Amino acid sequence: MRIRIHCFLAAIALLAVTTTAGAQERRILSFHDDTYAITGPSLRQENIDVKFQISLKVYPVTLGPSWQMYFAYTQTSVWDAYGKSAPFHDNLYRPGLFFEHVYGEGNVITFAFEHRSNGRPYFGNPLASETVEDYSRGMNYLFFRWTHPLNAALTLDLTARAGVGCGVGDYDRSQKRFTQDLFIGYVGYLDAKLSFRRGGFSASVMVTPLWNRSVANVTADFSYRIMARCPALFAQFHYGYDEALCDCVTGQLPPCNIRFGIKL
């Protein structure tokens, strides 16, 4: 766990020292998705945790007048920082290769291959009542995303995914079907996101429908940046299974959290 924290701090330090000193200098890394640290209570359980996310991409390679390719890595961690021994509840690792095409007035089409895993080993201790491998989750998928600015303040993102689970629990324990159910009942195949930005204020709502139950994963973000070079105040509401893959358990209700902190 210390190694992961050290890698997180090293990535932040590397990002800080690669800022441009002139017009001809390029950054090695830049932000890909939101990078933040937040804390707050669960609305279903008597629990307060910490969630942080770091998302970076390498400088894109130009493939043509309107095409570029880049590698990105996103890590999301849910940390029971206030609990006894302060264990990490789960970590979500998402490396991916992205191809982007820009056309028209700010429209973007993205094709990508992404791996998503919580990094838990496939093999554990078969004598334990709850073995490590029971919570191993992994999947590979291709996705297509269309980003369309509705006006100067509103942007719509629509994403369609296709893929398969590549490691869920111990296959000898009749978990084979659950491997595919990850996409239908917990992660979903589609995302719809509406974003608003005006001045230093931004907000977004993303909904992922789940087909084998009457629920959806929902994430609502709100941020306000007082000054351009300062971190933004950040609040997030999350309901669903998709922020910690170990919560994808048959019969378990989706977690619900509201958290507050800062976003870079």
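Is Gln53 buried or exposed? Gln53 is buried, because its relative accessible area is 7%, and the cut-off for a buried residue is under 20%. This briefing concerns a predicted model.

**Salt bridge between Arg94 and Glu114**

- The side chains of Arg94 and Glu114 form a salt bridge, with an N to O distance of 3.6 Å.
- Arg94 belongs to strand 6 (residues 88–103) and Glu114 to strand 7 (residues 107–117), so this pair ties together parts that lie 20 residues apart in sequence.
- Both partners, Arg94 and Glu114, are buried.

**Salt bridge between Asp191 and Arg161**

- A salt bridge also joins the side chains of Asp191 and Arg161, at 2.4 Å from N to O.
- Asp191 is part of strand 10 (residues 190–198) and Arg161 is part of strand 9 (residues 154–168), so the pair ties together parts that are 30 residues apart in sequence.
- Asp191 counts as buried because its relative accessibility is 13%.
- Arg161 likewise counts as buried, because its relative accessibility is 9%.

- The side chains of Glu243 and Arg259 meet in a salt bridge of 2.9 Å, N to O.
- Glu243 sits in the loop between strand 13 (232–239) and strand 14 (256–263), while Arg259 sits in strand 14, so the pair ties together parts that are 16 residues apart in sequence.
- Glu243 and Arg259 are both buried.
- Through salt bridges that share partners, Asp49, Lys51, Glu243 and Arg259 are joined into one network.

**A nonpolar surface patch**

- Phe31, Phe201, Phe222, Tyr224, Ile226, Met227, Leu233, Ile262 and Leu264 make a nonpolar surface patch of about 880 Å².
- One of these residues, Phe201, lies in strand 11 (residues 201–209).
- Phe201 counts as partly exposed because its relative accessibility is 33%, a value that falls between the cut-offs of 20% and 50%.

**The second largest pocket**

- The second largest pocket holds about 360 Å³ of space.
- This pocket is lined by 22 residues, of which Gln45, His89, Asp247, Gln252 and Pro255 are the closest to its centre.
- Strand 14 supplies the largest share of the lining of the second largest pocket, namely three residues.
- Sorted by class, the lining of this pocket consists of nine nonpolar, six polar and seven charged residues.

**Residues with a positive phi**

- Most residues other than glycine have a negative phi.
- Ser85 is not a glycine, yet it has a positive phi of about 70°.
- Ser85 is placed in the loop between strand 5 (67–79) and strand 6.
- Because its relative accessibility is 68%, Ser85 counts as exposed, the cut-off for this class being over 50%.
- Ala86 is not a glycine either, and its phi is positive, at about 50°.
- Ala86 is found in the loop between strand 5 and strand 6.
- With a relative accessible area of 24%, Ala86 is partly exposed.

**Residues apart in sequence: separation in space**

- Gln53 is located in strand 3 (residues 48–58).
- Gln53 and Lys263 are 210 residues apart in sequence, and their C-alpha atoms are 9.3 Å apart in space.
- Asp90 is placed in strand 6, and it is buried, with a relative accessible area of 3%.
- Asp90 and Asp80 are 10 residues apart in sequence and 9.3 Å apart in space, from C-alpha to C-alpha.
- Tyr135 lies in the loop between strand 7 and strand 8 (137–149).
- Tyr135 counts as partly exposed because its relative accessibility is 25%.
- Between Tyr135 and Gly119 there is a separation of 16 residues in sequence and of 9.8 Å in space, C-alpha to C-alpha.

Notes
Residues numbered from 1 in each chain as written. Predicted model: local features only at pLDDT ≥ 70, side-chain atom pairs only at ≥ 80, totals over all residues. Heavy atoms only, no water. Salt bridge = Lys/Arg side-chain N within 4 Å of Asp/Glu carboxyl O. Helix = DSSP H or I, 4+ residues; strand = E, 2+ residues; numbered from the N terminus. Buried < 20%, exposed > 50% of the residue type's maximum accessible area, 1.4 Å probe, protein only. Patch = residues over 30% accessible without salt bridge, like charges linked within 9 Å, V, L, I, M, F, W, Y side chains within 5 Å. Areas by Shrake-Rupley, 256 points an atom, 1.4 Å probe, with all protein chains shown as cover. 1 Å grid on protein atoms, 1.4 Å probe; cavity = no way out; pocket = protein on both sides within 12 Å on 5 of 7 lines; lining within 4 Å. Points joined across faces, edges and corners; volume = space filled by probe spheres on them. Nonpolar A, V, L, I, M, F, W, Y, C, P; charged D, E, K, R; others polar.
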